[in-house]
Structure formats: structure tokens, C-alpha cells
Amino acid sequence: MSAPTAPAEAAPMSRRQTLEALSGLLLVLFVAMLSSTVVSTALPKIIGALNGSQTQYTWVVTATLLTATATTPIWGKLADLFSKKLLIQAAIVVFLVGSVAAGFAQSAGQLIAARAFQGIGVGGLQALVQVAIAAMIPPRERGRYNGYLGGVMALATVGGPLLGGLIVDTSWLGWRWCFFVGVPVAIIALFLLQITLNLPTVRRQNVKIDYLGATLIAAGVSVLLIWISFVDDSFAWLSWQTGAMVGGSVLLLALAVLVESRAAEPVVPLHIVRERTTALAILGSLAVGMAMFGGAVFLGQYFQIGRGYSPTEAGLLTIPMMAGVLISSIVAGRMITNSGKIKPYIVFGSIVLVAGFALLGTIDHETSLVIVGVAMFVVGVGVGMTMQNLVLAVQNTVALKDIGAASASVAFFRSLGGTIGVSVLGAVLARRVTDRITHDLAAAGIPTTGGGGSTLNLDALPEPVRQIVRAAYGDATGHIFLISAAIAVVGVVAALLLRPVTLRSSLDLPDPGRSVAVGADAVDGAPAFDGVGADPAGREEHARR
């Protein structure tokens, strides 16, 4: 393969140019996050209106995460080969089509299918926005801009549930506008990026895209996640279906590793994944994703079904979590930029995340909202200090030409963790709710046949049954947060094992052909570059020094 024909070092963007480009990128990120958060508080009513079940409730979320997870590394690798700007715009178009299809869905099955297609665009956006920012801003300065990312996350996550609640509570709008509302914003972002985002494209001749590896990764992950969603519900843990699906997934992923190890342009470069910082960041992101997505998805359900609040009220009640994300991401980002140190903030944030979920694990259908709010704020602080900084730690270790694959790898495993978390915790919640409803109905002398545990349309249930269902959901939610806390402990271990480094102040690793003296990019007192950066093992040895 021919070498890239881009200039050796792109001219740095001015602060004004950076902020202009960021405006479009952050709007894109806002739209992607809004697509999930606007549904969170509205989903109980949406599934109720479509006469869906608890399994379908989980799958509306899981479908988007599944396709986003499977396609994230593909988008990331394409960003290393083609125009990042064009790819972001393509992802927006896919997202738009999926949003419109979801808005016109006539059944829960159609909604799940539309959300799955929408997830392909979301996978591109969550990977490519990080890649574009990394191509504009050096790691040392990126901490300051992480505050903007945190602000967008907080706005989308607070505003989304509020907007979703208002939409479903407004008779002349209806739940379908939860999916239509993001369309005009995405169109504005599409044109804004056309004007403001100007990134150099590294053009390569004879580019070979690893279609086989991409297909094997997507298929292997999809089969695994489908098994997680249906096991213990449609079939037993020890069954021929489990053997076929788990065995098939392992075989597909093993073949994917073999193909990736031999491909000229692998979708997931194994030499990057094997580096210590990347491997630990991936492990931490996997745990954070499982805990964060798996736990937070069910908060809207807890407030509405378990506590009886309206969608709008449920959205307002999630504000403490997003306040924690906003405050911690801004404060930590500024401190990281000033010091260049990143490990202490990741370690502290991962510990705080465990503490927050442990506190949420104590809630039931009668817990004081003050306690619930404090617990959510603590969880938000943990998320704000870990999620973006784990990506930043990886981006600091790789060359600019590999930034897409590296960033997408972390986003891929975080999304994978989130999908597994939603599926597993959703299955646990459904089982505990069913058992509790069956027990309480029997204790109350109410016939259990068609007792109402299979539907989320509470308005169709008699008052005594409705109260039993509410209590079952409220009490079962605390249990899944305890599981989230246990999962998040893995993130603490990964954070503690990270090597302490100082973030570099350059966009790219120095040219291996040049000899660079000790300077501003020195890492913990080591030379900024000593010729070992040409291969991954050398870069890892450099990081150790």
C-alpha cells in the first residue's frame, strides 16, 4: 500500500476555527444523545400505546445499542481512510432516515426495527465526533474542551427526558414526535458541518477495506447480544439454543481475530488494542458502559411505573445525575489541561461511580426522593470524570493516522458493555418483577392468570393490580443498581492499573524519522521522542519511561 500523501504536519487551527467546528460537532453529538434520552421517559407510554411487553421495552433500547456497537469500529476505521467530514454527514443521513421510520412505526416490532437502523447512524456519530475532535485539538488541550462535551451530554440528557415527557403529555403532539423532533436539529447540524468543519484528508492509494473482518465482528457481536436478550426468557441457560448461539458467536469472533491479524487495513488494529493503556481503557469503558447504560436506562421506568410520576416529572427527577456529569466533566477537564495528568481523575471517578450505584441499590418504591437524587448526582460525577477521559487516555498513545480506529475501539467496547448491561439487567428486572407480581397477586387472593405482569399499559389494569405492579417495579430496580455497582468495580481495577502519563501537547506523535530533544511533549521526564514510535511496542516502551 502506498504511503499517505497528506502533509507531514497539518497547520493548527485557531481557537475561533476550533470553536466554529466544534459547534457543528457538538450539535451532532447532541442529536445522537437526544435520540436515546428523549425516549427514556416516554418509553413506558410508547410501549403501552403499542401494547408492547417488558421484553420489547428493553429491545427498543437494545436494538439501537446493538447496531451502534456492531458498526462503531467500522466507522472508526473508515475515518482513518476517507474524509471524516463526509463520513459524519453520511452518519447523520442514516440517523435521519431511522428517526423518521421510528416515528411512523405502527407496532413495537416496527419500532424496534427502525431503532436498529437508527443505531447504525448513532454508531457513526459517537465514533466520528470523537475522531474529528482528536484531529483538531491536542490531547493536553482536549481536557478543556471536554467541558463542552460534558455540557452537551448534560443538556441532552436533562433536556431529552423533559422534552420527551412534554411531548407525550401534550395531546396534540403524541409520542411519535419523540422521534421526529431530532430531524430538524440533525438537518441544521448537517449544513453547519459543511460550512465549519475543514479537516485534512489523508488520501491513500490502493486502499483495502476489511469487509470480511467487519462482517465477522458485526455478526459475532450481534449473535452474542441476541442470546443475552433472550436467554432465561425464551429458552434456558443450558439449552441447545444457548450452545448454538454462544458457540457461533465465539467462532465468529475467533475468525474475526484471525482475519484482523492478517488484514492490510484491519477494522480493529490488534497492535493498538494490545497496548496496555488501550487495553485497560477498553476494560474500564466496558465496565462503565455496562453500569451506566444498564442502570440509567431503567431510571425513567422506575420513576413512572415504580413511583407513579408523569413522564415530564420523571424527566425533571433525572436532573441531579446530569448536573453531576456537567460539573465533574468541566472541573476535571480544566484540571487535566492545567496539570496534564489524567489517571488520578479516572481513578477517583471510577470509585465515585461504584459508590453512586451502591447508594442507588438501596432504593425501593418508597425511598425518599432526596436520597435518590443524591445517589444520581454521585453517579453523574463518576460518569463525567471517567467516560470521556478513558477515550482521551487512549488517543494520547496513538498516532493521528490511527486515531479513528483507536477512538472507535473504546467507543465500541463501551457501547458493547452498555448493550450487554441493558440486556442482562433488563432480563433480571423482568424476572424479579414477574416473580414479585405473581407472589403478591397470590397473597392478595387475585387470580394470577393474565395478572398484568406482561404489559406496561398500567391504565388497562384494575387499581389493586396496578399498585402491586408499581411496588414490584420500584423494589426490583434497586437490585439491578446493586449489580451495576458490582460491574463498575472492574472499572476501578482497570483505572488503578493505568500508567501515570502526561498528556502530549501536539496533535500527532512526533515523526519517527526526526530526532527530537526533550521538550514540551516530554512524558514524565522522558524524551518527547527517541525513535521508538514507529512500532506499537516502541510506543508502549516509551510510555513506560
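**Close-up views of a predicted model**

The structure holds 2 salt bridges, a salt bridge being a side-chain nitrogen of Lys or Arg within 4 Å of a carboxyl oxygen of Asp or Glu. This is a predicted model, in which local features need pLDDT of at least 70, side-chain atom pairs count only at pLDDT 80 or more, and totals for chains, interfaces and linings use all residues. Residues are numbered from 1 along each chain as its sequence is written, and side-chain values use heavy atoms, with hydrogens and water left out.

View 1. The side chains of Arg 436 and Asp 440 meet at 2.6 Å, N to O. Both residues lie in α18, 4 residues apart, about one turn of the helix. Helices are DSSP runs (H or I, at least four residues) numbered from the N terminus.

**View 2. The crossing of α5 and α18.** The axes of α5 (residues 108–136) and α18 (residues 403–443) come within 9 Å and cross at roughly 145°. Axes are lines fitted to C-alpha atoms over the stretch in contact, with angles from 0 to 180 degrees between N-to-C directions. Contact (heavy atoms within 4.5 Å) involves residues including Gln 126 and Val 131 of α5 and Ile 403 and Ser 415 of α18.

Terms used
Helix = DSSP H or I, 4+ residues; strand = E, 2+ residues; numbered from the N terminus.
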